[in-house]
Structures are given as C-alpha cells and as structure tokens.
Amino acid sequence: MALLEVNNLVTEFHSRAGVARALDHVSFTLEAGKVLGIVGESGSGKSVTAFSLMNLVDAPGRIAGGEIRFKGEDLQRATARRWSKLRGDRIAMVFQDPMMSLNPVMKIGDQLRETVSIHQRLRGKMLDDKVCEALRRVGIPAPEERMRAYPHELSGGMRQRVAIANAMINDPDLIIADEPTTALDVTIQAQILFEMKNLARDSGTALIWISHDISVVKDLADEICVMYAGRIIERGPVDEIIAQPLHPYTKGLIDSLPQASSRGQRLYSIPGSAPPLLSLPPGCAFAPRCSRRNATCDTIPPVVAVGTREHRCFYPLGTL
Amino acid sequence: MNPILETRNLSKSFGLKQSTVRRAARSLGLSNQPEKKVYAVNDLSLTINKGEVLGLVGESGCGKSTAGRMIAGLLPPTSGEIAFEGKPVDSSQPSRHLETQMVFQNPYASLNPRLRVDQLISEAALYHKLVEKRDVPSFVAALLKQVGLDASYASRYPHQFSGGQRQRIAIARALSLNPKFVVCDEAVSALDVSVQAQVLNLFMDLRESKELTYLFISHNLAVVEYIADRVAIMYLGRVVELADTQAIFTSPNHPYTQALIADAPRLQVKMVEHRPVQGELPSPLNPPSGCTFHPRCPRAMPRCATERPMLRKVAEGHFSACHLNDLS
C-alpha cells in the first residue's frame, strides 16, 4: 500500500467573478521513503496542492472533490481533532519563508520543545536532548546555544534549517516542502538540498518537494509531477522526463532554461502566457500556446499511462 | 578594447546608527572610539568594454547591488571614481542619467502604481527635454513596440499587467533616455522560467539593435553563463575573480568560484555525491581577517588568515585573488 494516494483531487476558490478551479483532478501516489517533486510556474497549483494535502485551504477556497488516502486513511473524513494529531506528527510542512512558520517571540528551543510535547510525553533532559539532536541533524552548529536564540538572531539559511528540524523532529512519515530553498543563496541551498537528501534517506521519510525550478528538484526527486493551470500534465521518473519530455509544455519549460550550450542564440520561449484560472480554454489548458494543437485539443485530454510515465496530451512528443 | 565605463577603487561604506551621547562625545573630541562602518563595496576596479555584457555574481549581501547602484549613479560612492567614456562622472549632474539607466529586480515595486504606462515611460524624457509633450503618444508607442508590447497598453496602469509585461515596461522606461549603458540588477530573478526566457531574449535583441552595454547583476549562474561575455565574482564587498565567461565556468581559479559553480543546480550536470561548501557568508560588520573567504575555504593556509590576497593576473584576461596561485 502506498503511503499517500491522491485521487482526482479538486480544489476550488469561489469569488464574485466566478469559480477558479486551482486543482483539477490531481492524482498521484507516493511510496514510503520516496521523494516526489512538484514543478510548475506561478499559479499552476503547486502550493494549493500542498495546502490541500495539509487541509489548510481556507475560505473562499474549498476541497470540492476527490480523495486523499494517507496510510489507507481517508483524510477527507478526518475531524479537526484527528488533523491536529496528524499535522506536525505524521505529516509536516516546511514553507518558503521560515519566518512564516517560526514564532518571532519564542525561543527556538521552546518552539521545538512544543512540537514534541504536543505529540509525545517527553520532559526535562530527554526533551532537551531530542531538540538538540534535531538541530544538530540539520547542520546547526552549537545547538545548545542556538536553542536559546530567537528566530531574528539567525540568518535565513539557519532559520530554514530550524523550520526543517521542526518538521522532522517527530519523525513524520511525510514532509511537504513548499519552495524551501527559493529564498536562499546558492551555497546555502546546496547545503540544505544535500542535508535533506541524506535525512530523507536515513529516516525513511517520504518527501514532497515543490519548486518552480526543475534543476533544483532534479538531484533530489525520484519522480516529478509537472503542473500547468491546476492539472498534472506529466508525471514520471525525473531523469526520463528531463531526457525525453512527452508533453509539449514540459519540453518548452526545459528548453527555456538558459544553458551554456545556447550562448549567443535566442532562448526558446513558449509563446503567450498562462491562462487565468477564471477563463480556462475548454479543453487542454495549454492548447492556445501549443504548436501541436488541433481540433481534438478542445476536449480535456485524459491521463494516459506509458510504462512508468503518465501524461495528459493527445499528441505527446515522440509520436507522429 | 574600447572601455565605456571604468571604476577605480570604488568603495561604499555605511555608518551605523549611534546614540546621541556617543555622537556628541565624538564631535567634542571626548571619545576616541572610531566610528563603526560597514564596507558594502571595497576597492572595486572594473572596466566594462563597449558592447559587452559583464556579469556580476555573488550571494546576497556581497555588495553587488550596491556596486550596481553606484555605477548607475543612484548612490554616491564613499571614495573612488567612475569614468564614462574616459571622462570622470559627476554623480550630482542630472545629465549623468542620460547615459546610464537601471532595470530593477522587482517590477511590482519599481513601477509607480498610480502612474499610467505612458506617464511612467515619458516622465524622464520630458524632464530631460528629449521629447515634446505633443509627441509623447508616438514616443511611448515606439518604445512599447521595441519591448514587444502593444501600443494600446499606454493608457493602462501597472496592476493590469503580468510580471513579465511589467518588466518589459520597466525596460521601456530605462530605454526612454536612449542610454548607452544599462545596469540590470537581478532583472529576471522574479520571473517564471518561460517568461524569463522571453525577457532574456529581449535583452539580447536590444543589445544588438541599440548597441547597448550591460552590467548584468545576478545570483543565478545559469543566466549569467548564458548572457555574459565576462564575469566578475564578488565576495563580501570585493571582486575575487574576473574572467571570460568560458574561463570562469570551465577553469575557475578561486576556491569560492569553484564552490559556487559546483553548488549551483544545473540541468545537464549531475551532482555526484558532491559536498557543498560549508558555513555562511560572514557578517560585513565583522569581516574575517586576511582573505575573507578563509573560514569557509577547504584549502585555507595559515597565510590566508593574516594577509589579504590581491586580485592578480593568472592567465590572459583572467584575474583572481587567492594565495594558492603563489604556490604553483
């Protein structure tokens, strides 16, 4: 049984201008200990996926359909009480801005102690040792002293490490990380990616890593989902997708990345821009920007499985 | 080689906030404590040739934006000088901005939300009397066309545009004075990948059609490798390495450059159990002695902690500030 099964998840936001479907029949599975990358541009639904999985979608948004199964349990039926037992203990989240998840007026040690003591009966020295160990695991030097620091006394990279330590401290089965390194410098990002890879491997925690940059997820993820306008348009092993994308959007995204080999030439750029969610095209949302479109593309393409891969395109690359 | 812009020993320091008592004590000569200063940029000497793209790379806090602002004339240097086409620049003259313009990182913050696009684009040109009031519509339309936008957008406000379109408007505004030199400070960092490609292409097109020279400031190595002819790497206010783009990426000399290139995620290169450089950028308030990179450097020697390495030639057109070059 898979650790996490998401079937046809639909999340909608209601406004006076209409209903925006931020997630449209999103389905994927994640095995224990694996890393899933979710890639897409702004507005494609990456963060809404994370918030839906954590049941953190607030009004005017709501989960309008579908199923989330976590270790076999249907999370749509989970009560608020059940959720507060799950969150921070079995499923944890790391946000882009660590200041959003850290309390600015609480010492770091106290915040981590709180995360543990809500879910376990642990006190005194045992508790302190656990917090210390969690901070050491994410590469924070002199954790005994850092525990007495407030978040503002730490650098951005150190704060994000604290947020990761806070997510990992109860050995959750699943961590959802929403662009956790986007605000960080290159060398700090590399340190955190390196440490996360080892931590996930050693503890057997499954990881969902959301990023707008496919080259960041490439070395970390086993499998990636590419999102466009609320739908997963391609899914599969990361190396295969980069080597041979099936969906024209994925190919466009990869080709738009500046590379040394393209020096002096113009970069490929996908014509047009992403459609607003309130007025999506009737069929494939990418069709108006796609060079391979034809009349069939006015109906929504179904999910097609090809071996270990899936895509939503009537005319995938490599055919015709 | 035809230099368009040269900086000589350009430095910028910022004083720290002090209590009134301490300030009074110093002005009365009662305190001999030196004033605390942060050096954001130290001894920056760069030569930018006509028509080239110089990439300026570094992590946050290394002083790359401060350097860009001084070069664009938005921030007066503490010491040192800037020469444009051989003549020293007087930063207090408004006409200085006719030659150098700047494009900023965040097009959501750099455009006044209360001005229409035509007002945004024509404001500077009207001030410098480059255009008559009655010619504004055609002037704006021509600029919008150059950056790939429809002329009908002139009467709209910034909030009606997407991020990529806003950055195009910011570029049109920078071009309105017909500058020869444009400082791009993280100009594509806030954009999505597919939009970033469009804006990078626009920069390349304009470079050819208007013979522009760019100082391209970025933390994104993939973008710099693509667009720049030469690259300067900054660390804690100083340039540590300067060379042709190809030399920087294929044979980096400085250990910091080597770490930066190895750590940057790139699509083609597989990171094989690579161990990233340790530690963080030290505080410029209290910079390490000697070579400022030595606490993080995997190859630091005792000498690195005491003596600051100078930027020296290691190959033709390749400069690096590292003591390791004395060993071989």
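Chain A holds 11 helices and 12 strands. Both are DSSP runs numbered from the N terminus: helices are H or I with at least four residues, strands are E with at least two. The model is predicted, so local features need pLDDT of at least 70 and side-chain atom pairs count only at pLDDT 80 or more, while totals for chains, interfaces and linings use all residues. Residues are numbered from 1 along each chain as its sequence is written, and chains are lettered from A, ligands numbered from 1, in the order in which they are written.

How compact is chain A? Its radius of gyration is 21 Å, close to the 20 Å that the globule rule gives for 320 residues, so chain A is as compact as a globular protein of that length. The radius is taken over C-alpha atoms, and the rule is 2.2 Å times the number of residues to the power 0.38. Along its principal axes, the C-alpha trace of chain A spans about 70 × 50 × 40 Å.

Buried residues make up 45% of the 320 residues in chain A. A residue is buried if 20 or more other C-beta atoms lie within 10 Å of its own, exposed if 12 or fewer, and partly exposed in between; C-beta atoms are placed from the backbone. Now take contacts, where two residues have such C-beta atoms within 7 Å. Of the contacts in chain A with a separation of 6 or more, 65% join residues 24 or more positions apart.

Look at A:Glu41. This residue sits in the loop between β3 (35-39) and α1 (46-53) of chain A. Is A:Glu41 buried or exposed? It counts as buried because it has 22 C-beta neighbours inside 10 Å. A:Leu253 is 212 residues away from A:Glu41 in sequence, yet the two are 9.2 Å apart in space, C-alpha to C-alpha. Leaving aside neighbours within four places in sequence, A:Glu41 is in contact with A:His212 and A:Ala274, and also with B:Asp192, B:Val193 and B:Ser194.

The contact between the chains takes 35 residues from chain A and 33 residues from chain B. On the side of chain B that touches chain A, α6 (193-210), α7 and α9 (255-263) each supply at least two residues. The largest share, seven residues, comes from α6(B).

Chain B also has an assignment into domain 1 (12-40 + 52-73 + 93-228) and domain 2 (240-328); such bounds come from an automatic or database assignment. Their C-alpha centres lie 29 Å apart. Across the boundary, 11 residues of domain 1 are in contact with nine residues of domain 2.
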